[in-house]
Structure formats: C-alpha cells, structure tokens
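Hi,

Here's the structure I said I'd pass on.

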Amino acid sequence: MAINVNFDKINDNHTVANCRDETEAVLVFCAPIRGRIMSEVLRCDVVVVGAGVHGSSAALHLARAGKDTILLEQFPVPHSRGSSHGQSRIIRLANYGIPQLTPIMNESFHQWRRIQEQAGQTLLRPSPLLLMARSGNRSSIERMARSVEQGGHTPEWVKPSDINAKYKMNLPPSSLAFFDHSAGVLMADKCLSSLQKLFKASGGRLVDEWEVKDVGVGDDGVCEVRGPKGVVRAHAVVLCPGPWAGPLLNSLGIHIPLRVERVSVFYWRLKDQSTSTPIFMDRGERKAGDNYYGIPEIEYPGMVKVCCHAGLEVDPNNRDQRVNNALRDQVKLYVRETFPGLVPEPSVEEACLYTVTPDSEFVLDRHPSHRNIFYACGFSGSGFKIAPAVGEELCRLVLGLSPRHDLKPFSAARFTAAPPSKM
Ligand SMILES: Cc1cc2nc3c(=O)[nH]c(=O)nc-3n(C[C@H](O)[C@H](O)[C@H](O)COP(=O)(O)OP(=O)(O)OC[C@H]3O[C@@H](n4cnc5c(N)ncnc54)[C@H](O)[C@@H]3O)c2cc1C
C-alpha cells in the first residue's frame, strides 16, 4: 500500500490512539525518526569536518589536488564561537616552541602571501614584532632569536630605554628585547573567508549548519559522517573540529588530553592619539601566566589590543558561563605598569577559545586502525599562522604522499599509549 507521506499535518497533540485512520497512525508512529527518513545522503572523495582556519585550509588544498571535497560546519558561516574569528592574528618566525615548528612557520608565510595574491585583498600586513622578556627568561628569548635567524632574518636587539622612549612604554631596565622584522599581522576574518572563497572557486562544497555527531567506517572501507541533517559518505575524513575535537576523537577511540580555555581579548583606548605601540609579545619572567601580547591600532580606531596568553577552562558549548575576573585584573595591572599611554580599563572585551595540549604543541595524525581518518587539533592559542602548511600536510596524507615536514613531534603518540602511527 502506498502512503502519501505528509508529516506537516502531524503535530505534538497527535498520538497513535487518537488518529483518524491507519495512514495517520503510521505517520505519528514514524514522526520521531522523521529526520532520518527525510535526511540527505551526500557523497564525495573527502569530507572535512570544521570550517575554522585549519579545516578550510585543508579543504582548499584537497580541492586544488582534484579531490571532490565537502567542508562541513556546525554553525552558520561566518561565526564567532570557535577559535578562528576576530580581525587579527600575529604571524612570526620567532618560535618559542620546538625547532621542528620553524620550517612549518616559514612555509606558511610564503603560502599566506600566495593566498593573498589569489584572494586579491590584503590579508598580511608586514610589521616588525617586538619580542621581550625579563632576564630570568633569557633562554626563551634567545631561542626565539635563533629561530628568526634560521628563517633567514636578523633579529635586531634593542635597549629597553630606546623602546620606552619610542613607544611611551615602561620596560624595566633588566628587560631583553629584539625586533623580528619578518613578522606581521594576518587579518584573520579576511584570511578565513578568502580560504573558503578559494575553496569554493576550486569546486569545493562548503555546507554550514551541518553538525557531525558521529564518524564511522563501513566494512567496505568507506567513511560515513553522520548528523541530524543526514549522512556524508567519503573515501577519507579530515577532522579539524577545534575546541570540539575532544568528544569527536574520543568516540573514535583517540584520547588526547585537550583543555579548552575561554580567553578574553581586550582593547584599550589610547590616551593620546600621537602614541604608537608595536606588535609585541612579552614573555615576562619565567612564571605561569606571565605571557602577554598586543597588536597596535588596526582594528578599532583609537584602541590597542593587549591580552594575556591564558584562559579559564570551559565547555565550548557554554563558554560564557565562566568569566575570568582575576585575569582581567592581571591584564589591567600589566597595562597600567607597562603602557602608561593607554587607559588602564578595557574598552572592549571579546571572547575566543584556545584548545591546549599539555606541551602546547599541536597534534596532526591519522587514526591508528582506520587509516583514512585524519585529524589536526590542539593548536594551543598559536596555530592560525601555520594553517596553510598544516592544511597542505593533511592533504598530502590523504593523497598518500609523504609529509613535507617532520611531523613526528606532532603525533598523538606522545599523549596516548597507542603505538606511533606510520605517517
Ligand atoms: C584570542 C586568540 C588569539 C590568538 N592569537 C593568535 C596569533 O596571534 N597567532 C596565531 O598564529 N594564532 C593565534 N591564535 C590561535 C588560532 O586562532 C587557533 O589556533 C586557530 O584559529 C584554530 O583553528 P581551528 O580550525 O583548529 O579551530 P576553529 O577555528 O575553532 O574551527 C573548528 C571548527 O569546527 C567546527 N566544528 C567543531 N565540531 C564540529 C562538528 N561536530 N560538526 C561540524 N563542525 C564542527 C566548529 O564550529 C569550528 O568552526 C589565537 C587564538 C585566540 C582565541
């Protein structure tokens, strides 16, 4: 018997008992699984989960490599609930992480320049970055200077008194400081939308408001990504879920100790419009939370961004339920002491999320048994700049090519008992 399926006539008041006929009873009975009956099945070569900077970059590389690629995003695009929104990010060669990061940073610089040309708009604003630390943190600043040299540039060491005179700052005389002239600011929102536009121009499909609930691999080896909207079947899956990586990876048996932090982005008003401030990173003394950075007046007129590289652990779905007043007071004190040219009360406060690993280095790997599932996460508040190179490495892994860089230090094996996967 054919039933004319019209769920629109069924509402919450209907029960099987009060139906007028058998057809209506079948519809009422099926209503709870309506979503599944009516959901879509999409097919492609590769499905990328998460349209933040890393997922968008991976999707672009894959589409350009000729792969039919779908990029899924749970929220409407653009959105400000993850880690890649906002107007600016620092790009630099000065590396305080492990040395294997330096060539990845260097390569990304070149790729951002190419993306900028292809996008036809300014994404990268070159500008010297002032790196600072106190004498107790000499090793950190010297390591950063060496990485600038490795990238083919010369760090320019400067005296605290000269910095204080030039920028109306108040650096203690014991400070160590140099300029990284290779650095700059990435216009983050524009970078993200450019990656997505170029992806679509290369034939990629960006599907937003499509939440992934579950990832699996069938007996035929084909991956299935499932969510309330339907199913996507693909030969490979790339997961770049940012702060939501933990639960999705856990469901696949991959347990990485990720900590999601809500960080506050503060903007401070200039007391006097003639004052200029540099892009800076201040590593302070070697003590927890003593790590500040700032970007001059390029976002909101008359305001400078100064923030602390630290946050409060949160659930990404309820991030604004916890606000860190102690951190706010700490940054206020830092601004009062270091930048007398700024009003020491934030004029604008925005929120963003970090996904932090125990060693603050990211994870890029593949599933130990489902070899066509790849993932990248845990960028620990410093991953925007390297998205082009990370996306390229994910693409190379999907294509079965060997990575361009040494990715062993970024494997999940450093946190899991699982044997290292052979990339
Ligand atoms: C305040 C702040 C300042 C920073 N400063 C710098 C800097 O100066 N320099 C620098 O290099 N880096 C910086 N970073 C870090 C950088 O921005 C992040 O490392 C980077 O944006 C992380 O990108 P992502 O793609 O991993 O995550 P996200 O941008 O969060 O993207 C993940 C996406 O996946 C989607 N998603 C998750 N789960 C699902 C699901 N189940 N189904 C569908 N979609 C899903 C999410 O909605 C999200 O859009 C900063 C970060 C913050 C917050």
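This is a predicted model: local features need pLDDT of at least 70, side-chain atom pairs count only at pLDDT 80 or more; totals for chains, interfaces and linings use all residues.

You'll find Lys168 in the loop that runs between helix H6 (160–167) and strand E7 (176–180). Glu209 is another one to check, a non-glycine residue with a positive phi of about 55 degrees. Glu209 sits in the loop between strand E9 (205–207) and strand E10 (214–217), and it is partly exposed at 42% relative accessible area.

While you're on the backbone, look at the peptide bond between Val77 and Pro78, which is cis, with omega about 0 degrees. Pro78 belongs to the loop between strand E2 (69–72) and E3.

Now the ligand. There are 36 residues around it, and Glu73, His79, Ser84, Ile90 and Cys352 come nearest.

- Glu73: a polar side-chain atom lies 2.6 Å from a ligand oxygen.
- His79: an N or O atom of the side chain is 2.8 Å from an oxygen of the ligand.
- His54: here a polar backbone atom is 3.2 Å from a ligand oxygen.

On its own the ligand would expose 1000 Å², and the protein buries 96% of that. Helix H3 (53–64), strand E3 (88–91), strand E13 (259–269) and strand E18 (348–356) are the elements that give two or more residues to the shell around the ligand. E18 has the largest share, with 3 residues. Sorted by class, the shell holds 20 nonpolar, 12 polar and 4 charged residues.

Where does the ligand lie relative to domain 2 and domain 3? It lies between them, because both domain 2 (41–82 + 190–257 + 360–414) and domain 3 (128–182 + 259–356) give residues to its shell.

Next, the packing. The largest nonpolar core has 47 residues, and the ones touching the most other members are Trp112, Val238, Phe362, Leu364, Ile386, Val390 and Leu394. Elements that each supply at least two residues of this core include strand E1 (40–49), helix H4 (101–119), helix H7 (188–201) and strand E12 (230–239). H3, strand E20 (373–377) and helix H10 (387–399) are on that list as well. The largest share of the core comes from H10, with 7 residues.

What does the side chain of Asn137 reach? It reaches the backbone oxygen of Arg283, at 3.0 Å. Asn137 and Arg283 are 146 residues apart along the chain, while their C-alpha atoms are separated by 7.4 Å. Asn137 is also buried, because its relative accessible area of 5% is under the 20% cut-off.

That's everything I have for now.

Cheers

Technical notes
Residues are numbered from 1 along each chain as its sequence is written. Side-chain values use heavy atoms; hydrogens and water are left out. Buried means under 20% relative accessible area, exposed over 50%, partly exposed in between (1.4 Å probe, protein chains only). A polar contact is a pair of N or O atoms within 3.5 Å; within protein, one must be able to donate a hydrogen and the other to accept it, and residues adjacent in sequence count only if both atoms are side-chain atoms. A residue is near a molecule or strand if one of its heavy atoms lies within 4 Å of it. Accessible areas come from the Shrake-Rupley method with a 1.4 Å probe; for residues, only the protein chains shown count as cover. Helices (H or I, at least four residues) and strands (E, at least two) are DSSP runs, numbered from the N terminus. Ala, Val, Leu, Ile, Met, Phe, Trp, Tyr, Cys and Pro count as nonpolar, Asp, Glu, Lys and Arg as charged, and the others, Gly among them, as polar. Domain bounds come from an automatic or database domain assignment. A nonpolar core is a set of buried Ala, Val, Leu, Ile, Met, Phe, Trp, Tyr and Cys residues joined through side-chain atoms within 4.5 Å.
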